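Student: I would like a close look at one part of this model. Please set it in the context of the whole chain.

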Amino acid sequence: MKKINKLILMVMITATAVISSCQKLDMPPTNIFTPDIIFGSEAGVKSFLATIYRALPIEDFKYRPDQGFKVGANDWENFYNSASVTGEQVGPFGGMDIGGGFGYWPYKDIRNVNTLIEELPKYANKLGEAKVKSLLGEAHFLRAYFYFGLAKRYGGVPILTEVQDPGAPLESLQVHRDKEEATWDFIGAELDLGYQMMDETNETGRANKYVAAALKSRAMLYAGSIAKYGSVNFVDGLARAQGIVGIPADKANQYFTKAFDAAKLLDGHYSLYDKNSDKVQNYIDLFLKGDSPENIFIKQYSIVSGSAHSWDATMSPRYMTANALSRSYPTLDFVQRWGALSVTNTDGTPKRFNNRAELMEGLEPRLLATVYFPGATLRGLTFDMQRGIYPSFSGTAAAEVAKQPNTRSYILAGDTKTLYQGKMVIGFTGPWTGGDELTRTGFYVRKYVDAAKPIATVDLNRSEQPWIDLRYAEVLLNKAEAAMELGNASDALTAINLIRVRAGATVYNSIDIDKIRNERGMELAFENQYYWDLKRWRNADLVLNNTRFKGLMPYYVFSENKYIFLAEPELMQRNYNFDKRFYYEPIPGGELGKNPNLYPNNPNY
């Protein structure tokens, strides 16, 4: 009882519960100091749960891969997200300078979960056996989520399932790291308990049995990839030799099977959002409608509680906001996941366009709902992207881009006030190299942007659309990938085509792993998944090997009254690299100093 009371005094729960719905987890406690008050009532347990949910490693609007999980106000620097360090977008920071992580070590949060699991059975007479069982299942899900956040960063970590007594001998507290295989097995087993013990109750922002199954499909797919691809591409070292990092290759199919089976559990319980016959608007609505049958697990935000985020302000140009600071923009390389844009003729000369919007004709609806192209509109204003003016243009696109900038015959400008024979040289929405609010690639992010917000309300820390942490499309992608890894092309093709039909894309007649990976990149764009996909596929060192990404620069040809588009290096001129040791992050130095049994550190650290 003494150690539990110490824990509760330390926690001093302040349940602002930004993950809750209808205030159900948002229940401010009053002088909670004893286990009986917390665990002896459903209100007390919910208040305790709110603290745990708030700490989950959900990589949301506010997540920064170099600084971690931000939950307070004024945490708006989402321009530096996983997408901006892997080439989906390009931001103001270059390369893989996040490889060392930020020292994630959530054992205080795991201690809270362990406390919950230890204490709840003591109050079955007050809460009821069925309620305690469901709450325990929820606790196992939460514990699995924290360990998932650890395992994908460090490999094997200490598995603690009991509350440590701070008064115990030091040597009993300085635990060793478990093997990576054991860590992933523990995560899978915890999620199995979550699925078995929780019911189907769908309280927004809290887990139910299907949330546990969805997370298992994600986690086991990761483990299977580590076993298969991490056994081929790795950095050697003592931690690997001891199995603390790495999983034997012959275990890969076991994990892929678990991922596939977990994904199947959601069939018939969730479906892809498909309420609007307009495929572009339908895909836009998916990320803004709270009643989507696709949402499995979401995180909510509120201006009133101080938890609002800044996605609208930081993904839109200042021209379309009250006060924006957009600094991260989709690359041409990302856009061409859908195929090469038709901007050149067969002889290599740039195609001429009567207006910018013609570029969007014939493109897949999902792409148009994910990225703002030149000529698109937002809040009644047009994306008038224009890099500069050519008084006249002749020759091929490739030859022009290959020239030194000072030998090109174009006209550029440093502001939107500069005119050439009465015409603006650059657009109000860029592209240009100055300032932090105009595109450097010729594109803007559209996914998650709330176009219905009036300009006057688009400011930092004023956005409330929820983050969808788990949705059915991802589960289908997990299912397809696991099936393909197991040689089951039929189920893989069925799952992928469900997604493509909703996207307004042409269905596939055949399937392979590259198509599945590309579909994943298109469907889950800007959702902080691609970074981890590159890591688990063990190809980040290839994709990001001395890499520079491109933009698509619109120019006005004055003599022809036409527009052309040239594929050029993005204007931030970032160079990307990925050191192979970054497939794992180093154990935080402070933790190694407190517990030498955490050695050996991960290879090359």
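Is Gly388 buried or exposed?

Tutor: Gly388 is buried, with a relative accessible area of 0%. Buried means under 20% relative accessible area, exposed means over 50%, and partly exposed lies in between, for a 1.4 Å probe and protein chains only. First, the ground rules. This is a predicted model, in which local features need pLDDT of at least 70, side-chain atom pairs count only at pLDDT 80 or more, and totals for chains, interfaces and linings use all residues. Residues are numbered from 1 along each chain as its sequence is written, and side-chain values use heavy atoms, with hydrogens and water left out.

Now the site itself. Gly388 belongs to strand 7, residues 388-390. Strands are DSSP runs of E with at least two residues, helices are runs of H or I with at least four, and both are numbered from the N terminus. Leaving aside residues up to four places away in sequence, Gly388 touches Ile411, Leu412, Val425, Pro554, Tyr555 and Tyr556. Contact means heavy atoms within 4.5 Å. Lys108 lies elsewhere: its C-alpha atom is 54 Å from that of Gly388, and 280 residues separate the two along the chain.

Step back to the whole protein. It has 22 helices and 13 strands. Of its 605 residues, 59% count as buried. Among contacts with a separation of 6 or more, 73% join residues 24 or more positions apart. The C-alpha atoms fill a box of roughly 85 × 50 × 50 Å along the principal axes. The radius of gyration is 25 Å, which agrees with the value near 25 Å for a compact globule of 605 residues. That radius is taken over C-alpha atoms, and the globule rule is 2.2 Å times the number of residues to the power 0.38.

Next, the aromatic rings. The whole structure holds 46 aromatic pairs. In one of them, Phe141 and Tyr145 have ring centres 6.0 Å apart and planes at 85°, so the pair is edge-to-face. Rings of Phe, Tyr and Trp (its six-membered ring) pair if their centres lie within 6.5 Å; planes under 30 degrees apart count as stacked, over 60 as edge-to-face and the rest as tilted. Phe141 and Tyr145 are four residues apart in helix 6 (residues 129-154), so about one helical turn separates them. Phe141 is buried at 0% relative accessible area. Tyr145 is buried at 2%. Elsewhere, Phe61, Tyr283, Phe287, Tyr301, Trp311, Tyr448 and Trp467 form one aromatic cluster.

Some backbone details remain. Gly430 and Pro431 are joined by a cis peptide bond, with omega about 0°. Pro431 sits in the loop between strand 9 (423-424) and strand 10 (444-445). The bond from Tyr599 to Pro600 is also cis, with omega near 5°. Pro600 falls in the segment after helix 22 (589-594).

Two asparagines deserve a look. Asn461 is not a glycine, yet has a positive phi of about 60°. Asn461 lies in the loop between strand 10 and strand 11 (467-471) and is buried, at 15% relative accessible area. Asn528 has phi near 60°, again positive in a residue other than glycine. Its place is the loop between helix 19 (513-523) and helix 20 (530-536). Asn528 is buried too, at 6%.
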